[in-house]
Each structure stands twice: as C-alpha cells, then as structure tokens.
Amino acid sequence: MSDAVVTRFAPSPTGFLHIGGARTALFNWLYAKHAGGRMLLRIEDTDRERSTDAAIAAILDGLKWLELDWDGEPLHQFARADRHREVAEQLLAAGKAYRCYATPEELNEMRALARAEGRSTRYDGRWRDRDPAEAPEGVAPSIRIKAPQAGDTVIHDQVQGAVTFPNDDLDDFVILRSDGTPTYMLAVVVDDHDMGVTNIIRGDDHLTNAARQKILYDAMSWPVPVLAHIPLIHGPDGAKLSKRHGALGVDAYRAMGYLPDAMRNYLVRLGWSHGDDEIMSTEQMIAWFDVANIGRSPARFDFAKLENINAHYLREMSDAAIMATLIEEMPHIAGGRAFQAKLDPDRLFRLREAMPFLKERSKNLVELIERASFVVNHRPLALDDQAASLLTSETRALLAGLRPRLDAVDDWTIEAVEAAVRGFVGESGIKLGAIAQPLRAALTGRTSSPGIFEVCIILGKSETLGRIADRV
C-alpha cells in the first residue's frame with residue numbers, strides 16, 4: 001500500500017465520544033496504520049450553539065484513553081470559515097452556484113404547498129435561473145449549489161458497493177447561509193480536500209451526505225476520496241443502539257472499569273472480522289485490518305461479550321501491570337477515589353499480594369476493587385447481611401477456639417495456616433465449612449472471597465488475628 005493514505009476522524013463536539021464514534025475512530029486509525037499512512041483529527045465545531053469546550057476535551061480524553069493517536073494538531077472547522085466562504089464564492093463566480101433570495105417564510109410556504117399536493121418538499125429551484133436584478137430589497141441571500149437535474153449521482157463505496165441516487169431527489173442545497181456561515185456539507189468537502197484526505201471511513205448514516213458532497217467535489221473538479229460507509233451499531237435486540245443498550249460515552253466505559261486494550265479488541269469486532277479470531281493484539285489488528293472485511297449488516301452490541309473479553313485481558317495482565325493500571329485509573333472508575341483514600345503502604349502491599357487471586361475472579365476494575373475491599377477496609381470491618389448471619393454465638397465460640405491455634409503458627413504460609421485450621425477441625429469434630437464460612441465472614445465482611453487460606457496470607461498474621469478478635 002502507498003504511504004500517501006490519509007484518513008480522518010471528524011467528531012462534532014456536541015457531547016461525549018460515544019461508542020459508535022470510538023469505533024469509527026478505531027477503524028480510521030487502524031486503516032492508516034495498516035497502510036503506513038496518517039490519521040488526522042478534525043473537530044467539526046460549526047454548530048456554535050451546541051459545540052462546547054467540555055465536549056472537545058471529552059473527545060480528546062476518550063481518544064487518548066483508547067490510545068488512538070492522531071497526526072499533527074487537531075483542526076477546528078469553525079476556524080476555517082473564511083476558506084469555506086472563498087470556495088462558495090469560487091463556485092458562484094464559475095456559474096456553478098447561485099444566490100437565493102427566498103426568505104424563510106417563502107420556503108416554509110413552498111414546503112407546506114408541496115406537502116398539501118403530495119409532492120417532494122425539496123427546494124424548487126426558484127432562484128436558480130432568475131435574474132438577480134429581481135432580488136427583493138433587504139433580503140440577505142444564501143448561496144446554493146447548482147445540482148445536476150437529470151441522471152444519477154453514483155457513489156462507489158468500499159462497503160456498500162455502487163449506490164445510485166437519482167438527481168431529481170437531490171435539490172440545490174445551501175452551501176453558504178444568508179448570514180455568511182458555511183454549511184456542514186460545504187465545510188466537510190473543503191476541509192477533506194485541503195487536508196489531503198484520501199480515504200473516508202464513517203457511518204452509513206452519512207451515505208446520503210456522500211451524494212451531495214460528490215456534487216461539490218465534481219463542481220470544484222476535485223477528486224473524490226475513497227469512501228467506506230460502515231453499518232451502524234445496533235442493540236442486542238436489533239433496534240438502533242440506545243443508552244439502554246450501551247450507547248454511552250467512552251468515559252462511561254472507563255468509569256465501569258474496562259481496559260482500553262479490551263475496548264479496542266471488542267470494538268474492532270463490531271462489524272469487522274478476521275476469520276474466527278476473537279482475541280487479537282493491537283499489532284495483529286493493524287496487520288490484518290482491511291476495509292474489505294467490514295460487513296454490510298449492522299453489528300450488535302453485546303455487554304456480556306465485552307465483559308468476557310475484558311476479563312480475559314485482566315487475567316492475562318501481569319500483577320505489576322494491573323497494579324499500575326489500577327492506580328492510574330482509580331480517579332476515573334466508580335468507587336476508585338474512596339478506595340484509593342484507604343491505601344496506606346501496608347494496604348498497598350496487601351493489595352499486591354491479593355492480585356493473583358483477585359484478577360482471576362474479576363471482569364473489570366470496578367469489580368476488582370469491590371472484591372479487594374476486604375484488603376483495604378479498616379477494622380472493625382462492616383459486615384454484609386449474609387456475613388452477619390453466619391456469626392452466631394456458636395460460630396463465634398469456634399473462632400475464639402481457632403484464634404490461639406493460628407497465633408501459634410510461626411511460618412505464616414498457606415500450608416501452615418491450612419494445617420492449623422484442619423488440625424482444629426479434626427479435634428473439634430466439625431466439618432471444614434463449619435469454621436471456614438464464619439472465618440471468611442470475620443476476615444472479609446462477606447460470604448465470597450478468594451480461598452480462605454489465601455485470605456489469611458493476604459491479610460498477614462497480625463491483621464488476621466485482629467479481625468478474628470473483633471468478632472469474638
């Protein structure tokens with residue numbers, strides 16, 4: 001492939017970086033990397049009422065968290081309004097666009113009449129061939145493109161194939177509003193051309209836009225970039241993705257404790273495939289990614305599959321890598337700040353000791369810190385209802401009998417602790433579960449945890465004996 005490939009990700013900063021946008025960014029990033037090219041970032045902030053600095057920051061933070069870098073500085077579309085107006089004037093001078101003096105009231109009347117008569121409500125071209133000398137006084141004109149009135153506009157798309165739009169369905173759309181501001185349609189074409197974009201990968205909700213944009217490319221005699229319109233993401237029920245399905249911001253997935261590697265792996269499989277491969281490294285994604293393997297059917301978002309992939313990545317990470325990631329992510333994940341506040345050096349040490357056991361049972365970082373709460377919580381431990389119900393007068397007496405046996409253990413290892421507990425069980429004539437469950441409740445405040453002997457080792461001898469003493 002040529003190193004001249006240039007893709008772009010062009011979000012509108014009217015909200016967070018949602019999951020569909022993140023996948024679009026990933027596909028553009030992978031294609032550029034695969035081709036040895038570049039991915040550019042353009043902030044499409046022409047909607048001044050809805051575009052916010054907070055949304056721009058959220059988009060940039062989301063891309064950085066997903067480790068999707070871009071080349072050069074982000075380009076802000078609004079800052080290029082003068083260039084967009086310049087192109088509109090060029091089209092006007094070349095006779096490929098015209099001034100339209102129809103007022104908003106006129107246009108509303110035109111549409112109402114068309115609806116009443118069962119006709120298309122598209123603009124009827126009333127100023128297309130009219131003498132500008134007839135322009136009414138005091139009306140600021142918009143500028144409209146002279147769209148072809150016969151034949152078809154054909155989009156050759158790498159995913160959708162050849163898509164034909166009858167030109168009588170495409171009206172003379174506005175490229176410069178009456179207040180002198182460029183429309184989205186004009187700005188996108190001018191920016192993509194000026195940025196040297198060779199390949200556009202975006203959602204198939206832009207397919208109709210592509211037909212109108214091709215009219216502008218042709219009018220300027222500019223080459224049309226290679227287009228690939230990818231199907232949108234749907235929910236598990238096949239309906240359009242909504243918040244109840246998972247149409248959340250990337251920041252929400254971060255807060256839920258998902259890993260960026262796992263998110264990239266999950267997103268790349270939403271609409272693209274490489275044989276039966278499910279788990280793949282970033283290096284493999286880059287090596288394998290090709291637009292030809294993007295499917296035409298909408299992908300279905302599946303939280304369960306995302307959790308399984310994330311759990312796989314957690315299990316495969318080294319304990320040191322998880323610790324580093326956890327510490328970095330604590331300010332961003334649910335419950336992370338409260339957890340971090342409890343981490344003194346002793347508890348940090350215990351958390352490291354617990355990591356081999358915690359990561360095997362956790363699907364995400366939030367679940368991991370919930371399971372690790374017994375490691376960092378201060379004495380006396382709060383008990384959940386089930387744990388409290390296990391600590392009866394009989395089981396408290398058993399714990400009181402066990403405590404001196406554990407106190408006598410010099411070599412605090414899993415084997416030595418297990419031997420002491422089993423010795424006590426044998427002499428007391430009880431089953432292991434009769435002491436293991438109340439011991440777990442006393443040590444963790446819960447009825448589920450890593451193995452009870454592992455818990456003793458994680459906590460250390462002094463903390464273990466102290467927690468038992470709190471319950472007897």
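**Close-up views of a predicted model**

**View 1. Buried residues of helix H6.** Leu207, Asn209, Ala210, Ala211, Arg212, Gln213, Ile215, Leu216, Tyr217, Ala219 and Met220 are the buried residues of H6, where buried means under 20% relative accessible area, exposed over 50% and partly exposed in between (1.4 Å probe, protein chains only). The model is predicted: local features need pLDDT of at least 70 and side-chain atom pairs count only at pLDDT 80 or more, whereas totals for chains, interfaces and linings use all residues. Residues are numbered from 1 along each chain as its sequence is written, and side-chain values use heavy atoms, with hydrogens and water left out. H6 spans residues 207–220 and reaches 20 Å from its first C-alpha to its last; the expected span is 1.5 Å times one less than the number of residues. Helices (H or I, at least four residues) and strands (E, at least two) are DSSP runs, numbered from the N terminus. Just after H6, Ser221 adopts a positive phi of about 60°.

**View 2. The largest cavity.** Its volume is about 30 Å³, and the lining consists of Ile200, Arg202, Ala210, Gln213, Tyr217, Val224 and Leu227. H6 gives the largest share of this lining, 3 residues. On a 1 Å grid over the protein atoms alone, a cavity is a set of points where a 1.4 Å probe fits but cannot get out, and lining residues have an atom within 4 Å of a point. Grid points are joined across faces, edges and corners, and the volume is the space filled by probe spheres set on the points.

**View 3. Aromatic pairs at Phe301.** The structure holds 8 aromatic pairs, defined by ring centres of Phe, Tyr and Trp (its six-membered ring) within 6.5 Å; planes under 30 degrees apart count as stacked, over 60 as edge-to-face and the rest as tilted. Tyr253 and Phe301 form a tilted pair, 6.1 Å centre to centre with 55° between the planes. Tyr253 lies in helix H7 and Phe301 in the loop between strand S12 and helix H10, so this pair ties together parts 48 residues apart in sequence. The rings of Tyr266 and Phe301 have centres 5.4 Å apart and planes at 85°, so that pair is edge-to-face. Both Tyr266 and Phe301 are buried.

**View 4. Arginines over aromatic rings.** Arg130 lies over the face of Trp127, 3.9 Å from the ring centre. The charged end of Arg144 sits over the ring of Tyr123, at 3.6 Å from its centre. The criterion is NZ of Lys or CZ of Arg within 6 Å of the ring centre and within 35 degrees of the ring normal.

Key: On a 1 Å grid over the protein atoms alone, a cavity is a set of points where a 1.4 Å probe fits but cannot get out, and a pocket is an open set with protein on both sides within 12 Å along at least five of seven lines; lining residues have an atom within 4 Å of a point.
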